[in-house]
Amino acid sequence: MNSRRTKFGAGAAALAASAMLLAACSGGGAADSGETTGTLDFYTNKAAWEPDFDELNGASEASVDISLNTTGYSDADQYDAFIKQSFRTSKSPGLFTWQTGSSLTELVDEGLIAETTDIWSNAVDEGWVTEDLRETYTVDGKQYCVPMNIAYWVMYYNTKIFEEQGIEVPTTWEELDAVAEKLTSAGVTPYYQTSTLFTFQWFQQMVAGTDPELYEGLSTGEVKYTDPEIVDIMNLWLEQQEAGWFSDAGSTVDPAVGLKQGDYAMINFGSFFNGSLDGAGMVSGEDYDMFVIPKTNADLERTPVAVESGPLCVAENSSQKALGLAYSEWWMSDEAQTAWSEARGDVAFNPKATVADPMLAELGSTVASDDYLVYDRYFEATPTPILTVALEQFGAFIANPGDPMPFLETIQAEADKYWADQE
Amino acid sequence: MASRGSQYQWSARGFIAPGVILVAVLLYLPLLWTTFLSFTEYNGLGDPDWIGLGNFAEMFEDPGFIGSLLNTLLWVVGTLLIPVGIGLALALLTWNLPGGVWLRVPFLIPYALSGIGVGLIWSFILSSNGALDQALGAFGITETPRWLVDAPLNTVVMIIAAAWQGVGVNALLFTIGLNSIPKEPLEAARVDGATGGRLFTSILWPMLRPLTAVVVGLSIVASLKTFDIVLSMTKGGPGRVSETLALTMYKETFVNSDYGLGSAIAVFLTIVTMIAAILYLREQLSKKHEI
């Protein structure tokens, strides 16, 4: 009898333990602790930048008594899924990196992101950010998140190749074409290209460089990918492909290494590429340099430059919401951005910050002048489902250049579906 | 008051409960949840919206999905012909051979690698101007195919890469099968004058059938879920020309955040795999094949 009672008790205990296990698995939001100093849990898909964030802890501890406990993911898709799942649990992050554009709007629409309008108002008053950049972070008139970084999409070139061929930095589209022709006839491939992921930049460059409104129209659905203006641009790209201006799309050589060893003379990339080139053993200003790509249409008043900006966001239901917002406020300051530029070696979004790399400092001040028009990079400007198809189709076009219509029609079919769902 | 018997039953249920709950939570619940999601539109945030068979209709209207389905079929056929076929040949040729084990061991080494690792190694070999192109160049062959760019060549070379990894383990399994064949019928056949092809078709092959059924069954299931090697070698591209169903499912779910469509593909893939496995194993293990 006793033994049976014991068995019954043990069975009941085992059942209770499983119930507790289930309870532990279930989630729920957590109340904001209200603390504004301490250790802030930070999640990012830029795992390689973890040491840079750690390096910044010295400055943030001294200034606002907050240090980051950084968890870096190296797979962007896995990271996105993790962040989305975390909103359903009590562990939603106090600070995390995300994307601007439709990805940000999606989170804001669900009420998952803490508003940062006050932080932005203060930063604009202090002269820490431009009004242009504020637009990128605005959803329905309110601001969300703060900019983690900013990168301008420019043309990097191998200075030795330019010197050997006696080439000057082009200032007009015609001059750029002449450079490409000269390089090709000298047996040097002018431009880098790839058929996976970064397949959009030349399309982006030529559409925005032809007409910024046309580019804007693609991101709002007012312009179709099959419109004659877009087809003409694709045909121009096809002519350039057929003239042998682009590198082998099937190559898996690292783009920075390819530029170093002269596989191609130029590469259209974001200004974060300095880090990769430095890592490949090239010296900024000596072995490589950059220029803003001239406008395709000479009649444009200003030269369009693609900008990409990745946000730092705070989850609305995080227990570290107050701490995350306090860090975000400090992050915008020139003090924080000077320290960040030193740690990361990137262009600063804050014009009052001191940029460590002279090449990047010059780029920042050049693009800030009235001669340039900054527009959102294709990656952020295009709604995700259309982007996915477009990246694949540009990749297929790059791998097998031919009549652009089938590629454009495939992208437009996805765009039609997407915009119909939005109505 | 409960009787002793019912008390005993209740305590037994208590002991079983943790296991049952874990199986339910970790296996049945995800299956049911994925099936539910396949009938909804869901971006991973907020609540799923019920759309009935909408995802399934969208799936079959998408030419990319059809291409992905055909690539997956190519993987199934290719995996049966190459890794299983070569594995069987290797087992037969080295079986009963003095030192045969040392001929099989090198084939087993790649099995220790992950699919992603195999993909990376073969990317170095097959990319434009990669190791293979350079080796061919040394023999004066400069006009080489674009191994990983043109379809269906890219799927074929990826099947070969997967075969490089899979041959060894199949050979090992077939060798175990050959070793388990009783000596008597073999000797009787030899006494009757059966050798070579005749011995294989009349004795070895029929007696290997239970093991062949398992090896082929496992290969069919493994090839239907081909994912890692394609992800690391071509990411399904250029465009979508080398995508497999598992990769399409992954892209729709985690890249496009279309959890509904991704789940619909998962449900389709599960049904296809189950039907293939059941039909094949039922046929192969049925009594009519008994010797």
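In helix α9 of chain B, the buried residues are B:Leu204, B:Leu208, B:Val215, B:Ser219, B:Ser223 and B:Leu224. Buried means that 20 or more other C-beta atoms, placed from the backbone, lie within 10 Å of the residue's own; 12 or fewer is exposed, and anything in between is partly exposed. This is a predicted model: local features need pLDDT of at least 70, side-chain atom pairs count only at pLDDT 80 or more, and totals for chains, interfaces and linings use all residues. Residues are numbered from 1 along each chain as its sequence is written, while chains are lettered from A and ligands numbered from 1 in the order in which they are written.

**Helix α9 of chain B**
- The buried residues of α9(B) pack against α3 (63–94), α7 (153–179) and α12 (259–284) of chain B.
- Helices are DSSP runs of H or I with at least four residues, strands are E runs of at least two, and both are numbered from the N terminus.
- α9(B) covers residues 196–224 and spans only 34 Å between its end C-alpha atoms. A straight helix of 29 residues would span 42 Å, taking 1.5 Å times one less than the number of residues.
- A kink of about 60° sits at B:Arg209, shortly before B:Pro210. The bend is the angle between axes fitted to the seven residues ending at a residue and the seven starting there.

**Contact between chains**
- 33 residues of chain B are in contact with 35 residues of chain A. Contact means C-beta atoms, placed from the backbone, within 7 Å.
- On the chain B side, α1 (4–37) and α11 (245–255) each supply at least two residues. α1(B) gives the most, with 13 residues.

**Strands β6 and β8 of chain A**
- β6 (146–158) and β8 of chain A pair in the antiparallel sense over 4 bridges; pairing needs at least two DSSP bridges.
- A:Asn158 stands opposite A:Tyr288 in β8(A).
- Along β8 (288–291), A:Tyr288 and A:Met290 point to one face and are buried.

**A:Ile113**
- A:Ile113 lies in the loop between α4 (102–109) and α5 (117–126) of chain A.
- A:Ile113 counts as buried because it has 23 C-beta neighbours inside 10 Å.
- A:Tyr144 is 31 residues from A:Ile113 in sequence, but 6.8 Å away in space, C-alpha to C-alpha.
- Not counting residues up to four places away in sequence, A:Ile113 touches several residues, including A:Leu107, A:Cys145 and A:Cys313.

Definitions and conventions. Contact = placed C-beta atoms within 7 Å.
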